[in-house]
Amino acid sequence: MNGSLSEALWVLLLGSLLGFELIGKVPPTLHTPLMSGANAISGITLLAALALIGQAASPGLRLVGAVALGFALFNVVGGFLVTDRMLAMFRRRAS
Amino acid sequence: MAALITALPTASLLTVSVPTATLPSLSLPTAHLALDLGAVLLLALGLKGLSKVRTARSANGLAAVAIAVAVAGLLLEQGLVGWPWMLLGLLAGGGLGTLVAYRVPMTSMPEVVALFNGCGGMSSLLVALGAAALPAGLDLLGQISVSASVLVGGVTFSGSLVAMAKLQEWLATPAWMLRPQRHAVNIGLALVALAAGAALPLGLLAPAPALAVLTVASLLLGIGLTLPIGGADMPVVISLLNSYSGVAAAAAGFVVGSQLLVVAGAMVGAAGLILTQVMCTAMNRSLTSVLFGGALGAGAAPAGGGDAGEDPGYSRITSCSAEECALALEAAERVVFVPGYGLAVAQAQHSLKELARLLESAGIQVAYAIHPVAGRMPGHMNVLLAEADVPYEQLIEMETINPDFPRTDVVIVLGANDVVNPQAKNDPSSPLYGMPVLEVDQARSVFVVKRSLGAGYSGVRNGLFELPQTSMVFGDAKAVLQQLTAELRSLGVGKVPVAAG
């Protein structure tokens, strides 16, 4: 960890509070797209996969990193595209 | 800066531009920090925007840009060591994700979200296992984080796959899964997982066996927790698993020492919890009863509980033809449609819109009653009807439309079942008792379009079908809607009144 443990725990706490506040009120229309979009964001674990590839010394570990990266990117790319497909249907009512 | 320049193509494949212009003047660590902070800011704005109809689509793009910025920041910091492996993961994961995202039909959205979600969990699990195998070894915090990441990631992965299989009706709840002993099995699995997770930092076991036991126990636990849950409760489970995948990402953030990952994971975890709570409230169920109560009426409804089996328990059923239904529609002043999963399965949203347009052209008032958990996911019906270009203002939520049912002439229930079950209001012995429902039994006449008298997704019988004002119109929702439109046309509804008088 870059900072101390306590620093990381503060980050965890504040991030959670931010999440609660950000999406407190959501119209039911957007529940599915929001779930899908939030799900895509959770694929940000791809950063961890990239870090693993960068730090790995053996090809075996790099392969593990590459597979992890594949899973995460499947989540991220698929998640954002599918959310966009859903939301594109609401576009006509933008006015 | 060469690292950044080469990093850009990788990032830009994901979405769009990265603010390069300001970077060269900054020192490397500062630039990395700036990108990280920018990514967090964009993520927060993205999540916030996703909760408003007008901004949702651009907010989704914003969140995607945020991920790209975060990737750029990380690659700037660590360089492109091992880039062929990165490219491999990018092509495989990104390619498959794109393929699935464009090929999946709108009706299967919930399953796909579950699948994506599970893969995110798997990624966290793999990263944690990989980090444990790094030659540098792990400090105490690292070992705790690895254990947490493997546990939550494993539960998310197997749980999401089970949820997907149940939604696709590949899997039913096996009867042995509903015995109370399953709690003992799950508690046992959880204890084994926790013990293995604790053995790692305490040094009681070598890392390899400890992590192997932890991985297997976590995967089994995900199955054990999800398999007994009934299909009707699946939306809640997917939302909760979505929250877990955020927690797994945050744990992975501790493992690799990325505060950005911790923040993003925590935000998604919190978002998933809020949605889960909203859905539980809508069903008047507590989260504990969803998670540990077992499938509703699953003993009564074998194998998926769909429309396949005839329920012998019904008497006093009135069925009628599309023609009779059309006559009732012609005479109505106010019509309410109640869409459910059957509409989605039959892909009938466009036929429904066509019928509604015809009725409106004859001066009949049309509305759509949207139950918060209609379909297999909250907002599922909104998405489907939006696809068919139904005006947003005509989609009316349960609390708003319930007082209007007594002055509604005709209600047409399209492949919905549990969400219109009056026993949820007045039969304390019904497993659905207490769940808020659309009070369609208050309307003057109700037509239920259904393939057969099979039980609903929860497997509970529906007293609405036996009410005197209810008629069943048996058939596929799309076919029935098309018949209704044709009948109404032949009755002269919707023709431009030439010199009416």
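The model is a predicted one. Chain B has 501 residues, of which 56% count as buried, and its secondary structure comes to 18 helices and six strands.

**Chain B as a whole**

- Among the contacts in chain B that join residues at least 6 apart in sequence, 79% are between residues at least 24 apart.

- B:Gln394 is placed in the loop that runs between helix H15 (380-387) and strand S3 (395-397) of chain B.
- With a relative accessibility of 14%, B:Gln394 counts as buried, because the cut-off for that class is under 20%.
- Leaving aside residues up to four places away in sequence, B:Gln394 touches B:Glu360, B:Val366, B:Ala367 and B:Tyr368.
- With one of these residues, B:Glu360, the side chain of B:Gln394 also makes a polar contact of 2.4 Å.

**Salt bridges**

- Side chains of opposite charge can pair when their charged atoms come close.
- Over all chains, the count of salt bridges comes to six.
- One of the salt bridges is formed by B:Arg489 and B:Glu354, whose closest N and O atoms are 3.7 Å apart.
- Because B:Arg489 lies in helix H18 (residues 477-490) and B:Glu354 in helix H14 (residues 349-361) of chain B, this pair ties together parts that are 135 residues apart in sequence.
- Both partners count as partly exposed, B:Arg489 at 43% relative accessibility and B:Glu354 at 37%.
- A salt bridge also joins the side chains of B:Asp441 and B:Lys425, with an N to O distance of 3.4 Å.
- This pair links distant parts of the chain, 16 residues apart, with B:Lys425 in helix H17 and B:Asp441 in the loop between helix H17 (423-426) and strand S5 (445-450) of chain B.
- B:Asp441 is buried, with a relative accessible area of 15%, whereas B:Lys425 counts as partly exposed at 31% relative accessibility.

**A salt-bridge network**

- B:Arg334, B:Asp404 and B:Arg407 are linked with one another in a network of salt bridges.
- Within this group, the side chains of B:Asp404 and B:Arg407 meet in a salt bridge of 3.7 Å, taken from N to O.
- B:Asp404 counts as partly exposed at 22% relative accessibility, and B:Arg407 is likewise partly exposed, with a relative accessible area of 45%.

Methods. Residues numbered from 1 in each chain as written. Chains lettered and ligands numbered in written order. Predicted model: local features only at pLDDT ≥ 70, side-chain atom pairs only at ≥ 80, totals over all residues. Heavy atoms only, no water. Helix = DSSP H or I, 4+ residues; strand = E, 2+ residues; numbered from the N terminus. Buried < 20%, exposed > 50% of the residue type's maximum accessible area, 1.4 Å probe, protein only. Contact = heavy atoms within 4.5 Å. Polar contact = N/O pair within 3.5 Å; in protein donor to acceptor, adjacent residues only side chain to side chain. Salt bridge = Lys/Arg side-chain N within 4 Å of Asp/Glu carboxyl O.
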